[in-house]
Amino acid sequence: MEKRSVQSLRAIRRSLIVLFVQIVVPMSLLVLPSSIIFIGATIPNLIAFETSLICVHICFLHSIGHNLILLLINSTYR
């Protein structure tokens, strides 16, 4: 088995964290609110209209939030 240096392990760990953030941000800003809206629309009286309205506004923030996170976590853009 090949041993890796401490620096390469740090680089791998950092890249995995960056990839994890790139997965979590779209999920939390787009997929989760969209799922709540869909469930609220298909099953009556399960989710309040106000909750769906908040989810719509969160979906609008998806592109801004995703771009800001990408700018913060990628060293290329700093």
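Analyst: A helix here is a DSSP run of H or I that is at least four residues long, and helices are numbered from the N terminus. Val18 lies in such a run, helix H1. The model is a predicted one.

User: What makes Val18 count as buried?

Analyst: Buried means under 20% relative accessible area. Val18 has a relative accessible area of 12%, so Val18 is buried.

User: Which residues does Val18 touch, leaving out those up to four places away in sequence?

Analyst: With those set aside, Val18 touches Ile73 and Asn74.

User: How do you know how helices H1 and H3 run relative to each other?

Analyst: Helix H1 covers residues 6-42 and helix H3 covers residues 62-73; they pack at an angle of about 170°, and their axes are 9 Å apart. An angle over 145 degrees counts as roughly antiparallel, so H1 is roughly antiparallel to H3.

User: Which residues make this contact between H1 and H3?

Analyst: On the H1 side, they are Arg14, Val18, Val21, Gln22, Val25, Pro26, Leu29 and Leu30. H3 contributes His62, Gly65, His66, Ile69, Leu70 and Ile73. By type, nine of the contact residues are nonpolar, four are polar and one is charged.

User: What does His66 touch beyond its neighbours within four places in sequence?

Analyst: His66, which is found in helix H3, is in contact with Gln22, Val25, Pro26 and Leu29. These count as contacts because heavy atoms lie within 4.5 Å. For Pro33, the C-alpha to C-alpha distance to His66 is 15 Å, at 33 residues apart in sequence.

User: Is Ser52 buried or exposed, and how do you know?

Analyst: The cut-off for buried is under 20% relative accessible area. Ser52 has a value of 14%, so Ser52 is buried. Ser52 has its place in helix H2. Not counting residues up to four places away in sequence, Ser52 touches Ile37 and Ile47. Ile36 is 16 residues from Ser52 along the chain, and their C-alpha atoms are separated by 6.9 Å.

User: Is Asn45 buried or exposed, and why?

Analyst: Exposed means over 50% relative accessible area. Asn45 has 83% relative accessibility, so Asn45 counts as exposed. Asn45 lies in the loop between H1 and H2.

User: What makes the phi of Asn45 worth a remark?

Analyst: Most residues other than glycine have a negative phi. The phi of Asn45 is near 60°, which is a positive value in a residue other than glycine.

User: Which residues does UniProt list under "transmembrane region", and what is the chain doing there?

Analyst: The unreviewed UniProt entry lists residues 16-39 and 51-73. Over residues 16-39 the chain is 100% helix and 0% strand, with the end C-alpha atoms 32 Å apart. Over residues 51-73 the chain is 96% helix and 0% strand, with the end C-alpha atoms 30 Å apart.

User: Where is the confidence lowest, and where is it highest?

Analyst: Confidence is lowest in H3, at a mean pLDDT of 83, and highest in helix H2 (residues 49-60), at 90. The mean pLDDT of the protein chain is 86, and 96% of its residues reach 70 or more. Where pLDDT is low, the predicted coordinates should not be read in detail.

Conventions
Residues numbered from 1 in each chain as written. Predicted model: local features only at pLDDT ≥ 70, side-chain atom pairs only at ≥ 80, totals over all residues. Heavy atoms only, no water. Axes fitted to C-alpha atoms, helices over the stretch in contact; angles between N-to-C directions. Helix = DSSP H or I, 4+ residues; strand = E, 2+ residues; numbered from the N terminus. Parallel < 35°, antiparallel > 145°, perpendicular 65-115°, else oblique. Nonpolar A, V, L, I, M, F, W, Y, C, P; charged D, E, K, R; others polar. UniProt positions renumbered as here; feature names shortened; annotations may be inferred. pLDDT = per-residue confidence, 0-100. Buried < 20%, exposed > 50% of the residue type's maximum accessible area, 1.4 Å probe, protein only.
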